[in-house]
Every structure is written in C-alpha cells, then in structure tokens.
Amino acid sequence: MFISMNGRRFILPFVALAFLLTSLTSFAPKADNPDAVLGTWLNGTKKGHVEIYKKGGTYFGKLVWLGQPNDPTTGKPRTDEKNTDPSKRSRPMMNMPLMYNFKYDGDNVWSDGKIYNPEDGKEYNCKMTLTDPNTLNVRGYVGISLLGKTQVWTRVK
C-alpha cells in the first residue's frame, strides 16, 4: 500500500517498521557507566542521606545528613551507640562510613561490598542495583543474597 505525501510516495510497511525501530531504541539499555551510582541518596527509612563516592576503582558511602541529628534525651549529636564494638559507640554518626568496598559488576550492579546499619549496630554483605538514574535498590544480607532485605533509595542530588 502506498501513501502519497507532498507528491512523494511512501510504502506504509516501511514507515511502520521505521517507527517500530525508533520506538524500540528508546527503551534500549543505557551505556554502561560504573559511576552512575555516585551522588547523594535518601535511604529507605527516609532518616538519612548517604553520599556514595569513589576511591580508586572502589565505591564507598558515608552518612551526610540525619533527619534527627541530635539525641533527643541529651541534645548532643547522635553517636553510634548500638555498635557491637563498645570502643566505637562514642563516634559521631555524621560523616560516618556506612558502605565500603563495592565493585562494579556491569549492568548497573555493584557488589562484594559491606553496609553498616547503625540502627542495629551490625554489618551486612551488600549489593546495589541502579534501576533508573534516581532509584537504587540496596540489598543487605547475611550469607547469600536470597537471605536479605532490600531498601529502595532515592537520589537527592
């Protein structure tokens, strides 16, 4: 079937195929970018912001904002009071390293890292998956990833 347009003739199947190919390429995966995870993220509990940064070829994260930065009972800055190591319980939570040693695996996945949870004072194995430029799935686990919990983090900047 032909369509006449300004004196030109187009084949309808060709136009449909061109439209289909153009549409499909808009959903193609983005170029592989190991640094796409860099930035500041609102954590899954919405209580803090974590800045993810890179040193060498490894990725780290530190706490840079707290919704409640001071202990309500003392009025002093919050400390790592639930840490299983008593010698670390007096360290300030602000700028505290929470994530370390992540390596980029490709396909928007960073793994082989560790994450510290100041709410229970424990450290977990961790894997991060960037699902879109502003959404990061952070999965902490013990042993195998199947035995864990995923938080959805949202990019702040």
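I count a charge as sitting over a ring if NZ of Lys or CZ of Arg is within 6 Å of the ring centre and within 35 degrees of the ring normal. The model I worked from is a predicted one.

**Entry 1: charges over rings**

With that criterion I looked up Arg91, and its charged end sits over the ring of Tyr116, 5.6 Å from the centre of that ring. I then noted Lys62, whose charged end sits over the ring of Tyr53 at 5.8 Å from the ring centre.

**Entry 2: aromatic pairs**

I searched the whole structure for aromatic pairs and got three. One of them joins Tyr53 and Phe60, a stacked pair with 5.8 Å centre to centre and 20° between the planes.

**Entry 3: positive phi**

Most residues other than glycine have a negative phi. I therefore listed Asn108, a residue other than glycine with a positive phi near 60°, under the rule that most such residues have a negative phi. I placed Asn108 in the loop between strand S6 (97-106) and strand S7 (109-117). Asn108 counts as partly exposed, with 27% relative accessibility.

I listed Asp112 as well, with a positive phi near 65°. Asp112 is in strand S7, and I noted it as exposed, at 57% relative accessibility.

**Entry 4: the largest pocket**

What is the volume of the largest pocket? I read about 810 Å³. I found 36 residues lining the largest pocket, and the closest to its centre are Asn43, Thr45, Asn117, Pro118 and Glu119. The elements giving two or more residues to this lining are strands S4 (48-55), S5 (58-66), S7, S9 (135-141) and S10 (148-155).

Which element gives the most to the lining of the largest pocket? I found that S10 does, with five residues. Sorting the lining by class, I got 13 nonpolar, twelve polar and eleven charged residues.

Definitions and conventions:
Residues numbered from 1 in each chain as written. Predicted model: local features only at pLDDT ≥ 70, side-chain atom pairs only at ≥ 80, totals over all residues. Heavy atoms only, no water. Helix = DSSP H or I, 4+ residues; strand = E, 2+ residues; numbered from the N terminus. Buried < 20%, exposed > 50% of the residue type's maximum accessible area, 1.4 Å probe, protein only. 1 Å grid on protein atoms, 1.4 Å probe; cavity = no way out; pocket = protein on both sides within 12 Å on 5 of 7 lines; lining within 4 Å. Points joined across faces, edges and corners; volume = space filled by probe spheres on them. Nonpolar A, V, L, I, M, F, W, Y, C, P; charged D, E, K, R; others polar. Phe/Tyr/Trp six-rings, centres within 6.5 Å; stacked < 30°, edge-to-face > 60°.
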